[in-house]
Amino acid sequence: MQRSWQMVKKLGLGAIPILKLRESLLEESQLTQNYLVLSLGSCLLATFGLIINSAAVIIGAMIIAPLMLPLRGFAFATLEGDIELLRRSFISVIFATFLSIFCSAMVGVIISLPEFGGEILSRTQPTLIDLLIAIVAGGISGYAKIRPSVGDAIPGTAIAVALMPPICVFGLALSQGEWQIASGAGLLYCTNLIGINLACIIIYFLGGYARSNEFARTLSWGVSVILIIFLAVPLGISFWQLISKAKIHDSIQKILVTRSLVNRPDISVFQVRVNWNKNPPVVVVKARASNPIKPEEVQIVENRLKRELENPYKVIFEVTPTSVIDSSDEE
């Protein structure tokens with residue numbers, strides 16, 4: 001083990017002396033006017049981008065969001081037992097979090113959203129993939145901190161891990177009383193925080209900024225691992241549901257266009273929702289069709305889904321009538 005550790009140290013991951021690194025992290029973790037302005041601005045941009053369903057605006061908000069900076073300081077402080085850095089970084093993260101929740105909730109109350117768009121709903125069902133993204137992005141961010149020559153990677157990691165949008169989704173959902181959406185966004189935010197913290201600790205450790213005995217007894221390491229284990233259960237379930245939903249959508253599309261089954265090419269499916277809390281799960285299919293869908297056709301879909309996915313489902317179609325009109329219809 002000691003020999004392996006010496007080999008890791010020879011890799012030269014740590015490019016900044018530890019005192020210089022601590023001083024830089026202390027500065028980044030300070031609750032300053034710049035930090036507050038950037039937090040407020042990124043929160044408002046992300047909230048407005050979520051409301052108008054604009055990915056470009058949300059990406060802009062993620063680039064200027066400063067939350068990643070104190071998180072790196074928090075990871076280093078827990079690894080080294082640095083109380084001053086721990087206090088500064090913790091206050092900065094908590095203040096920005098509650099400020100963002102409050103501001104996005106106020107915007108939601110003022111605007112009063114009639115419905116949530118895709119950009120909001122996409123941040124309410126975190127999976128194991130989101131945890132892996134947070135770990136990789138956090139690791140790159142930590143590496144960029146100890147290697148200033150790759151500092152340009154920070155905006156990319158900020159976009160990848162997306163810390164600000166889940167907070168804003170949480171605030172918007174609270175303002176509309178959508179507790180299920182709020183809980184999903186909150187879980188995504190916590191997933192990102194824990195993944196980043198663990199990844200930064202590992203990078204600092206590999207960089208030689210802690211002795212092995214310090215690393216072994218650090219509270220953050222143990223807590224992060226335990227929390228990730230607990231997160232793996234709901235995130236794993238969510239990932240399984242996401243895969244199952246994709247299979248259901250694909251199966252329904254094939255069933256509707258297969259001549260030997262339903263033979264309804266006039267039906268266009270544009271959304272599939274699954275309520276996993278029901279037994280059997282209820283599949284709500286939003287579709288457009290030029291002719292009504294008969295109950296026996298729905299039964300065929302249910303039977304085929306049961307056979308293909310080895311699980312019974314209750315299928316409900318919500319159909320919007322459509323008609324095709326061109327110039328040849330003119331009298």
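**Strands, helices and cysteines**

Modeller: Strands β1 and β2 form a hairpin, with 6 residues between them. Strands (E, at least two residues) and helices (H or I, at least four) are DSSP runs, numbered from the N terminus.

Colleague: What kind of model is this, and how are residues numbered?

Modeller: The model is predicted, so local features need pLDDT of at least 70 and side-chain atom pairs count only at pLDDT 80 or more, whereas totals for chains, interfaces and linings use all residues. Residues are numbered from 1 along each chain as its sequence is written, and side-chain values use heavy atoms, with hydrogens and water left out.

Colleague: How many bridges join β1 to β2?

Modeller: There are 7 bridges between β1 (residues 268–275) and β2 (residues 282–289), and the two strands run antiparallel. Two strands count as paired if DSSP finds at least two bridges between them.

Colleague: Which residues in β2 do S268 and Q271 face?

Modeller: S268 stands opposite R288, while the bridge partner of Q271 is K286.

Colleague: What is the order of the strands in the sheet?

Modeller: The order is β1-β2-β3, in an open sheet of 3 strands with mixed pairing. β1 and β3 (314–321) stand at the edges with a single partner strand each, so one side of each has no neighbour in the sheet. From one strand to the next, the twist averages 20°.

Colleague: Now the helices. At what angle do α3 and α4 cross?

Modeller: The axes of α3 (residues 33–51) and α4 cross at roughly 165° and come within 8 Å. That makes α3 roughly antiparallel to α4. Axes are lines fitted to C-alpha atoms, for helices over the stretch in contact, and angles run from 0 to 180 degrees between N-to-C directions. Angles under 35 degrees count as roughly parallel, over 145 as roughly antiparallel, 65 to 115 as roughly perpendicular and the rest as oblique.

Colleague: Which residues of α4 are buried?

Modeller: In α4 (residues 55–64), these are I58, A61 and M62. They lie on the same side of α4, because they cover an arc of only 100° around the axis. The arc is that of the directions from the helix axis to the C-beta atoms. Buried means under 20% relative accessible area, exposed over 50%, and partly exposed in between (1.4 Å probe, protein chains only).

Colleague: Where is N53 found, and what is its phi?

Modeller: N53 is in the loop between α3 and α4. The phi of N53 is near 65°, a positive value in a residue other than glycine. Most residues other than glycine have a negative phi. With a relative accessible area of 39%, N53 is partly exposed.

Colleague: How many disulfides does the structure hold?

Modeller: The structure holds 0 disulfides, a disulfide being a pair of cysteine sulfur atoms within 2.5 Å. For C43, the nearest cysteine sulfur is that of C168, 4.0 Å away. For C103, the nearest is that of C43, 4.9 Å away.

Colleague: Is C43 buried or exposed?

Modeller: C43 is buried, with a relative accessible area of 0%. C103 is also buried, at 13%.

Colleague: Finally, how far apart are L69 and S141?

Modeller: They are 72 residues apart in sequence and 9.0 Å apart in space, C-alpha to C-alpha. L69 is found in helix α5 (residues 68–80) and counts as partly exposed at 25% relative accessibility.
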